[in-house]
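Please look over the sequence and the model shown below before reading on.

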Amino acid sequence: MLKKLSFWNTVSRILFLLLTPAFFRWFNFGFIWHSIYWGVVSIVVMVWFGFILISPLFGRIGCGWFCFVGTTQDLCFGYGIFRQKKRKPMLWLRMIMPVTFLASSITFFFLNKNGGMIGGIRFLPGLFSTELNTHYQHIWIYDTLGALLLGLLLEKRWACKNLCTMGSFTAIGSTWSRLIPVIDTKACNQCGRCESVCLVNLPIMKYTEPGNGLVTNSECTLCGRCVDSCRKEAIKIRFVWNRKKYREQVSLS
């Protein structure tokens, strides 16, 4: 089953990409801004807040198996006109988006509340309908074309790592993810195939040192490409509940 993980990941991402036009306002995290604006807990809030909540256990599974913006960038096959070395996300840039996102939406929430337009926070999952009228068709097209453009200009989900608000929040939880790629460092022959196929351009080889073997990078989206690419079958995605204990056991074996 694990050897087919990337196949099922691709099926899942394409499925949600095709479903997005029908459920655009339920899937697009941009509508969380509107939900806060109106003081409403909507379906899109529950969906993405759920992914944030489970990120300490399942990592960025929402980004890797669900997000249509990320999938759209993947359609560019990591082409990236402006290439760069593998590097960590730019913290200052990563902070700008969520801070602006939340600060502006919360400000408007209080303005609406003080103006008598809303009374407070309400639970209203169906605030946003599935109707894709002309206005939202344009927004969907702009979002999709924007993601394609980013994928063509900036390689392998650079935008997801540096510009995405939900990506920033899920990455925080993913720092402690229990579900991670695990490398059998004795079986690994350092060929680098796993690193070359990684959808988010992770420096996987640095985790292949003896006594390590745990890909603990919070940007991992659990796509399974590294698992399927390894000819030595040295990589598996597993639950590791105690990383320190695992490394100690590996060092002793």
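## A serine in helix α7

Is serine 105 buried or exposed, and what is its relative accessible area? The model is a predicted one, and in it serine 105 has a relative accessible area of 0%, so this residue is buried. Serine 105 belongs to helix α7, and once its neighbours within four places in sequence are left aside, the residues in contact with serine 105 are Trp33, Ile36 and Tyr37.

A search of the whole structure returns 4 salt bridges. One of them joins aspartate 74 to arginine 13, with the closest N and O atoms 2.6 Å apart. Because aspartate 74 sits in helix α6 (residues 68-74) and arginine 13 in helix α1 (residues 5-19), this pair ties together parts that are 61 residues apart in sequence. Aspartate 74 and arginine 13 are both buried.

Aspartate 74 also meets the side chain of arginine 157 in a salt bridge, at 2.7 Å from N to O. Here too distant parts of the chain are linked, since arginine 157 lies in the loop between α8 (134-153) and α9 (158-162), 83 residues away from aspartate 74 in helix α6. Both aspartate 74 and arginine 157 are buried, and the salt bridges join Arg13, Asp74 and Arg157 in a network. As a general point, side chains of opposite charge can pair when their charged atoms come close.

## The pair of arginine 94 and glutamate 219

A further salt bridge is formed by the side chains of arginine 94 and glutamate 219, at 3.0 Å from N to O. Arginine 94 is placed in helix α7 (residues 91-114) and glutamate 219 in the loop between α11 (193-197) and α12 (225-229), so that the pair links distant parts of the chain, 125 residues apart. With the cut-off for buried set at under 20% relative accessible area, arginine 94 counts as buried because its relative accessibility is 10%, and glutamate 219 counts as buried because its value is 3%.

Helix α4 (residues 43-58) has 16 residues and reaches 21 Å from its first C-alpha to its last, which is close to the 22 Å expected at 1.5 Å a residue. Just after α4, glycine 59 takes a positive phi of about 65 degrees.

Which residues of α4 are buried? They are Val44, Val45, Trp48, Phe51 and Ser55. In an α-helix there are 3.6 residues a turn, so residues three or four places apart point the same way. The elements against which the buried residues of α4 pack are α2 (24-27), α3 (31-37), β1 (40-41), α5 (61-65) and α10 (165-174).

## The largest pocket

The largest pocket has a volume of about 500 Å³. It is lined by 23 residues, of which Asn28, Phe29, Gly30, Val69 and Asp143 are the closest to its centre. Two or more residues of the lining come from each of α3, α6, α7, α8 and α9, and the largest share, 5 residues, is given by α8.

## Loop residues and backbone angles

Most residues other than glycine have a negative phi, and most peptide bonds are trans. Leucine 222, a residue other than glycine, has a positive phi near 55 degrees, and its place is in the loop between α11 and α12. Leucine 222 counts as buried because its relative accessibility is 5%.

Glutamate 233, again a residue other than glycine, has a positive phi near 55 degrees, and lies in the loop between α12 and β4 (235-239). Is glutamate 233 buried or exposed? With exposed taken as over 50% relative accessible area, glutamate 233 is exposed because its value is 51%.

## A glycine after helix α7

Glycine 116 is found in the loop between α7 and β2 (122-123), and this glycine is exposed, with a relative accessible area of 59%. From C-alpha to C-alpha, glycine 116 and valine 197 are 53 Å apart in space, and in sequence they are 81 residues apart.

Methods. Residues are numbered from 1 along each chain as its sequence is written. This is a predicted model: local features need pLDDT of at least 70, side-chain atom pairs count only at pLDDT 80 or more; totals for chains, interfaces and linings use all residues. Side-chain values use heavy atoms; hydrogens and water are left out. Helices (H or I, at least four residues) and strands (E, at least two) are DSSP runs, numbered from the N terminus. Buried means under 20% relative accessible area, exposed over 50%, partly exposed in between (1.4 Å probe, protein chains only). The expected span of a helix is 1.5 Å times one less than its number of residues. Contact means heavy atoms within 4.5 Å. On a 1 Å grid over the protein atoms alone, a cavity is a set of points where a 1.4 Å probe fits but cannot get out, and a pocket is an open set with protein on both sides within 12 Å along at least five of seven lines; lining residues have an atom within 4 Å of a point. Grid points are joined across faces, edges and corners, and a volume is the space filled by probe spheres set on the points.
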